[in-house]
Amino acid sequence: MPLQTIVVGGGICGLSTAIALRRAGHHVIVYERYSSEADAGAGITIRANAARILERWGLDLTSYGALPCTNRLLLDGKSLRIYMESDVAQQEGERGGLQINATRSDLHQLLRREVERPTTGEGTIKVLYDKHIVDYDAERPAVQLAGGTWKEADLVIACDGIKSKAATIIIGKELPAKPTGFSAFRLLLPDAKIREVAQKFPNDHFIKSRFEKSTGEVWIATEPPDRVLAWWCCRFDSMHAFDIVIPDHESYASSEEWLARCDKSILLEEFRHWHPLFGEILSKVEEPLLWKICDRPPIESVYRGLLCMLGDALHPMGPYRGQGGSQSMEDAAVVEMCLRGVTDRAQVPRRLELLQSLRVPRYACSQMASTVRQNEPNMEEHYQQVLDEAGKWFQGQDQSHLSDRNTFEIWMDKYDAAGEASKALERIAATDYARTCVSSSKI
Ligand SMILES: Cc1cc2nc3c(=O)[nH]c(=O)nc-3n(C[C@H](O)[C@H](O)[C@H](O)COP(=O)(O)OP(=O)(O)OC[C@H]3O[C@@H](n4cnc5c(N)ncnc54)[C@H](O)[C@@H]3O)c2cc1C
């Protein structure tokens with residue numbers, strides 16, 4: 001019999017996990033506390049490790065006009081002087097694919113369309129919106145809806161984000177993600193508005209070239225030690241996405257909300273001393289989204305009883321490696337493999353144990369590397385220190401992927417989460433078979 005499962009949260013992780021569970025043949029009910037229209041207007045980059053998962057599921061983000069990242073420019077925010085240009089397209093083979101530049105809402109639409117697609121011969125998915133889960137019971141397992149009703153299942157997976165209620169139950173104590181001292185302004189601007197900006201610089205050939213090219217070029221403008229602005233095009237070049245990271249400041253750091261709208265005058269003030277291009281761009285913004293960047297050191301517990309957590313609930317991390325959402329999709333890919341062929345809830349604990357053993361070292365490294373900001377002083381030394389510390393998650397195992405930054409970043413991009421899970425399952429099956437042979441020969 002297929003499992004009856006509950007997923008809490010309809011974000012990137014929740015929808016990916018629902019797709020994965022259905023592909024493994026199980027029935028899923030997703031509870032999302034917001035209405036189906038709720039959406040955060042910002043961009044997202046999908047690293048190659050996650051882009052391949054979408055591809056494996058037959059989901060094509062380029063059909064929404066997302067662009068593979070082909071070129072990356074690192075430049076000085078005040079002067080526009082180029083520090084470094086990377087022809088990322090050349091790395092495609094080495095990294096197992098390219099990063100995809102997209103908007104969050106397009107990724108969301110893609111996942112939602114897949115969730116709603118009628119299927120035959122697989123499990124099923126039902127998404128229930130405006131359903132707030134207020135409590136969990138890890139042993140039954142069950143979730144409690146606002147209003148008091150409990151809903152039981154064979155397995156509950158909490159993908160309830162950075163302020164997860166399930167995390168407290170699974171970890172066994174309050175261990176919230178903490179502010180890192182940095183905030184991100186996240187915004188989308190239509191191409192028409194950006195073209196108005198271009199007209200202000202008619203004689204600047206460098207700026208003009210940025211607007212003339214229809215590209216997967218990403219600009220990363222920085223002001224060491226702590227300001228970064230990342231800019232890319234998406235949605236068939238009709239939309240420009242900006243992620244802008246700056247240190248927390250008393251004028252907005254006191255907000256209790258982690259995701260909030262803020263007054264654009266703050267943003268203009270923060271970048272007044274940058275090249276006038278950025279002032280012109282930022283003057284087009286209406287109400288930027290302000291996101292306080294929070295993280296938590298890696299934890300080793302992915303589940304308790306028959307309650308499991310994934311995504312930001314499990315591994316909140318900073319945005320500096322672009323891996324938060326991508327790790328959530330890896331979680332889901334591993335769920336698919338680990339729960340394939342499970343026909344009884346009695347089999348679930350062992351599969352959750354396997355999921356945990358596969359995921360912890362991987363997301364732990366990703367979280368640790370995501371504490372290193374692009375333009376911090378002594379960035380290379382800090383990165384190497386983090387990689388050395390990450391060795392503790394791979395004791396007794398090959399650690400060559402931690403030898404240096406480049407090797408690590410290739411490993412991050414090239415990792416095949418589903419393939420690794422599949423190999424681990426084969427190893428378990430072989431061990432079980434050997435055990436059966438030994439015990440039957442004893443008889
Ligand atoms: C500035 C910034 C830039 C980033 N850039 C990137 C990037 O380029 N690439 C990348 O891969 N990642 C990026 N990330 C990280 C990425 O956004 C997150 O890792 C990802 O969105 C996590 O998805 P999630 O589904 O786990 O959590 P969420 O997106 O937070 O979704 C959780 C869902 O659960 C619902 N929910 C919560 N509690 C309940 C409840 N009690 N009952 C019912 N529903 C509930 C919420 O409404 C929400 O829909 C970035 C993050 C930041 C802050």
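# Helix packing, domains and selected residues

Ile12, Leu15, Ser16, Ala18 and Ile19 of helix 1 make contact with Leu107, Leu111, Arg112, Glu114 and Val115 of helix 4. Sorted by class, the residues of this contact are 7 nonpolar, 1 polar and 2 charged. The model is a predicted one. Its chain is assigned two stretches of structure as domains: domain 1 (4-65 + 104-177 + 298-426) and domain 2 (178-295).

**Helix 1 and helix 4**

- Helix 1 spans residues 12-23 and helix 4 spans residues 104-116; their axes come within 10 Å and cross at roughly 30°.
- Angles under 35 degrees count as roughly parallel, and helix 1 and helix 4 are therefore roughly parallel to each other.
- The crossing of helix 1 and helix 4 has a left-handed sense.

**Helix 6 and helix 7**

- Helix 6 (residues 191-198) and helix 7 (residues 205-212) have axes that come within 10 Å and cross at roughly 160°.
- Because angles over 145 degrees count as roughly antiparallel, helix 6 is roughly antiparallel to helix 7.
- The crossing of helix 6 and helix 7 is left-handed.
- Helix 6 contributes Ile194, Arg195 and Ala198 to the contact, and helix 7 contributes Ile207, Lys208 and Phe211.
- In the contact of helix 6 with helix 7 there are 4 nonpolar and 2 charged residues, and no polar ones.

**Domain 1 and domain 2**

- The centres of domain 1 and domain 2, taken over C-alpha atoms, are 28 Å apart.
- Domain 1 supplies 20 residues to the contact between them, and domain 2 supplies 24 residues.
- On the side of domain 1 that touches domain 2, the residues divide into 10 nonpolar, 8 polar and 2 charged.

- Helix 2 (residues 48-56) is mostly covered, with 7 of its 9 residues buried.
- The buried residues of helix 2 are Ala48, Asn49, Ala50, Ala51, Arg52, Ile53 and Leu54.

**Threonine 180**

- Threonine 180 lies in strand 13, which covers residues 178-190.
- Threonine 180 has 19 other C-beta atoms within 10 Å; a residue needs 20 or more to be buried, so threonine 180 is classed as partly exposed.
- Not counting residues up to four places away in sequence, threonine 180 touches Ile293, Cys294, Asp295 and Gly318.
- Threonine 180 and glycine 58 are 122 residues apart along the chain, and their C-alpha atoms are separated by 37 Å.

**Glycine 216**

- Glycine 216 sits in the loop between helix 7 and strand 14 (217-223).
- Glycine 216 counts as buried because it has 22 C-beta neighbours inside 10 Å.
- Leaving aside neighbours within four places in sequence, glycine 216 is in contact with Leu67, Pro68, Cys69, Thr70, Asn71 and Asn101.

Terms used:
Residues are numbered from 1 along each chain as its sequence is written. This is a predicted model: local features need pLDDT of at least 70, side-chain atom pairs count only at pLDDT 80 or more; totals for chains, interfaces and linings use all residues. Axes are lines fitted to C-alpha atoms, for helices over the stretch in contact, and angles run from 0 to 180 degrees between N-to-C directions. Helices (H or I, at least four residues) and strands (E, at least two) are DSSP runs, numbered from the N terminus. Angles under 35 degrees count as roughly parallel, over 145 as roughly antiparallel, 65 to 115 as roughly perpendicular and the rest as oblique. A crossing is left-handed if the near helix is turned anticlockwise from the far one by less than a right angle, and right-handed if clockwise. Two residues are in contact if their C-beta atoms, placed from the backbone, lie within 7 Å. Ala, Val, Leu, Ile, Met, Phe, Trp, Tyr, Cys and Pro count as nonpolar, Asp, Glu, Lys and Arg as charged, and the others, Gly among them, as polar. Domain bounds come from an automatic or database domain assignment. A residue is buried if 20 or more other C-beta atoms lie within 10 Å of its own, exposed if 12 or fewer, and partly exposed in between; C-beta atoms are placed from the backbone.
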